[in-house]
Amino acid sequence: MTVAEATPDLDFDWDDKSFLGHPKGLGYLAFTEAWERFSYYGMQTLLVLYMVNFLLKPEEVGSVAGIEQLRALYGGLEGQAFASAIFGTYAASVYLTPILGGWIADRFLGKRRTVLLGAITMALGHFLMAFNVTFLLALLCLIIGSGMFKGNIASQVGSLYKPEDLRRADAFQIFYLGINAGVIASPFIVGTLGETVGWHWGFGAAGVGMLIGLGIYVAGQKYLPKEHFDVPGKEAAAAAKAPRDPMTRQDWLSTLALVLLIPVMAIAIVPNNQIFNAYLVWGDQQFALYWAGEKLPTSWLISLDAVVSVSFLAGVAAFYRWWKTKWQEPDELTKIIIGSLFSIGGMACLYMAAATTPPGEKIGLFWPVMFHIVNSIGFAHMLPVSLALFARLAPKQINATVIGLYYLSFFAGNALVGYVGGWFETMPVTQFWLIHMGFAATAGVIFVLFKLVLAPRLMHRAHSEDVALA
């Protein structure tokens, strides 16, 4: 028990049900997160297109402060390869800075002030994107601000409920809906403004969205419980002297197995995460994105992917709830292996799109749409399920640490997305997507080996009710 649990906020209404049966604070947190995701994904959707089509052009790139020094670090890359490298570094870094943000919140500022500072820093970053000279500074602000914001606002959702309150799980579902609402809406607004009116209009809209989220969060402060910090005292001393179970040989084996899975997960997510990088560049150049004679914004592909992904997350979860009424539900590893097969299929759709289109013609949308459908089914089988696997197999003595290590797979995976994305203009497109099929297949084979060799010794820790989300 933490000090916060031992000394709850007596002024907070723990039985509040004024927002969809939940505390009013949940509504403020969900709408804050929706606007933050609106700004974050809107900017990320534009980022590579902005660099390839404008910022890194010879007539513009010279005005970006520090860009030549950064280019030197990447071995002199230019054009689309340089854009992919910058994107990969940015997308990878946002999965490291939450560690720093959590440390700042725990040790110095508390979650509220850290979230506020993160939101202000992110808004500043979005507005700095309006100027060529401050582009790299803007990315740095967004990376640091996201780190302060991301984990700390999510942890506040749980703080709205007493430990025994069963509404907590439903609360995170509502919070997740807020996230997806922002992801779906942002390309339609931020992307459309950026591509059709002006790049800086799009980034400005993302900044406005972040300010709206900040305003909602400030307005909701009175509906959040007060924060408590661990301080020396009887409760802290009692917690420090509480006995802990020693790590057993089985615990160490589980930990080692999960650590070994981190690079495999990094390889597995490359095909999905390339959507924000080379896939958008390809779609912008080659897809027949026309309606009534007008070209649609390329960024709308991200809204399409978000809608399809959310639909299949719900659909796959419903399918397995039905399945287990008739047959035994597959364990997490089996689902992840199934997800790898769908990921291979998604990359095969992109290969077919490139292979079946005659030279000089635009690519019709049949195969790209099939890619989003097939890939989203794979996503629903892999990412949420893999997190559930880590949460269940991680020893209780170091559970939080192992979950933190899980997110290193996103750091490594996004860095790999940036590196591999740089090959897009140097090889046939069919070969590029075959390589991504290879990533998915390699990860799938290792998952199969893991299931055959180690799973029989580890999976007995499972209980059917532990299998989460899918």
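**View 1. Leu142 sits in helix 7, which covers residues 135-158.** Helices here are DSSP runs of H or I with at least four residues, strands are runs of E with at least two, and both are numbered from the N terminus. This is a predicted model, in which local features need pLDDT of at least 70, side-chain atom pairs count only at pLDDT 80 or more, and totals for chains, interfaces and linings use all residues. Residues are numbered from 1 along each chain as its sequence is written, and side-chain values use heavy atoms, leaving out hydrogens and water.

View 2. Is Leu142 buried or exposed? Leu142 is buried because its relative accessibility is 2% (buried means under 20% relative accessible area, exposed over 50%, partly exposed in between, with a 1.4 Å probe and protein chains only). Leaving aside residues up to four places away in sequence, Leu142 touches Met43, Tyr90, Met122, Gly125 and His126; contact means heavy atoms within 4.5 Å. Leu124 is 18 residues from Leu142 along the chain, and their C-alpha atoms are 8.1 Å apart.

**View 3. Pro263 belongs to helix 11, residues 249-273.** With 46% relative accessibility, Pro263 counts as partly exposed. Between the C-alpha atoms of Pro263 and Tyr406 there are 9.7 Å, although 143 residues separate the two along the chain. Shortly before this proline, helix 11 has a kink of about 30° at Ile262 (the bend is the angle between axes fitted to the seven residues ending at a residue and the seven starting there).

**View 4. Now step back to the protein chain.** Look for its 19 helices and two strands. Of its 470 residues, 51% are buried.
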